[in-house]
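Subject: Structure handover, pockets

Hello,

Here is the structure for you to take over. Please open it alongside this note.

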Amino acid sequence: MIQIFADGSNYQTMLSLYRDRKINGVSGFTTNPSLMRKDGVVDYLSFAKGLLKEITEVPVSFEVIADDFDEMERQAKILAALGRNVYVKIPVANTKGEVSYDLIKRLSLQDIQLNVTSVFTKEQILALADVMCHDIDHIISIFAGRIADTGRNPKKIVKFAVDIMPRNVFVLWASTREIYNIYQANKIRCDIITATPEIIGKYNSLREYDLNDYTVDTVKMFYNDALSARYEL
């Protein structure tokens, strides 16, 4: 079965998911600066250090926050030094559209575990397959949900990566939109999928749920909400 990584930056939620991981099936965590800003994280490094004191046995991805490749490299070394379970997120390109393949190769050869993020195309996947060192584990995050937002089928691109990536590079289905994405990703043998805590909770509660029971529960919800609102016709 596909591995499920929780995507978010709420400190207490992440710790709760980690402690209950044998029940909820969470086997790793991903973050990004946008999620951290949304969750009110003020001090990036303090947040990361505090989290890694508690979460020690599963992968955690933290992203560099630079646009210059030399600065990305400096930051990557800082993040990697925080723990053996850290995967450093490097964007496949910077804000100018300049690809980061050379940086990825350099970091990979320094035995830094990478999570190459914001991957969208087969061309990017092909290039990454050539530059990622085969001696240590890495992740590539394909933004399947955002690809689907453009009207394209993300399964074809994710499956392409699954078929060509060396065994040490794990393919991750990112920007998950709904529970069914977990089943889609699993069917094409994707290694990992990220999901919000809300999607993970629904996935665990609704797995193999009887559809007739789901009908009744749905009707009850509508009916009880109408009663609570005191609607009249």
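Below is what turned up on its pockets.

The model is predicted: local features need pLDDT of at least 70, side-chain atom pairs count only at pLDDT 80 or more, and totals for chains, interfaces and linings use all residues. Residues are numbered from 1 along each chain as its sequence is written, and side-chain values use heavy atoms, without hydrogens and water.

**Largest pocket**

Its volume is about 860 Å³. (A pocket is an open set of points on a 1 Å grid over the protein atoms alone, where a 1.4 Å probe fits, with protein on both sides within 12 Å along at least five of seven lines; lining residues have an atom within 4 Å of a point. Points are joined across faces, edges and corners, and volume is the space filled by probe spheres set on them.)

The lining has 43 residues, and Asp7, Asn32, Ser34, Leu35 and Arg146 are the closest to the pocket centre. Elements giving two or more residues include β1 (3–7), α1 (11–19) and β8 (192–195). α3 gives the most, with 4. (Helices, H or I of at least four residues, and strands, E of at least two, are DSSP runs numbered from the N terminus.)

**Second largest pocket**

This one has a volume of about 150 Å³. Its lining includes Tyr44, Glu63, Gln75 and Leu79. α4 (44–54) and α5 (69–80) each give two or more residues. α5 gives the most, with 3.

Best wishes
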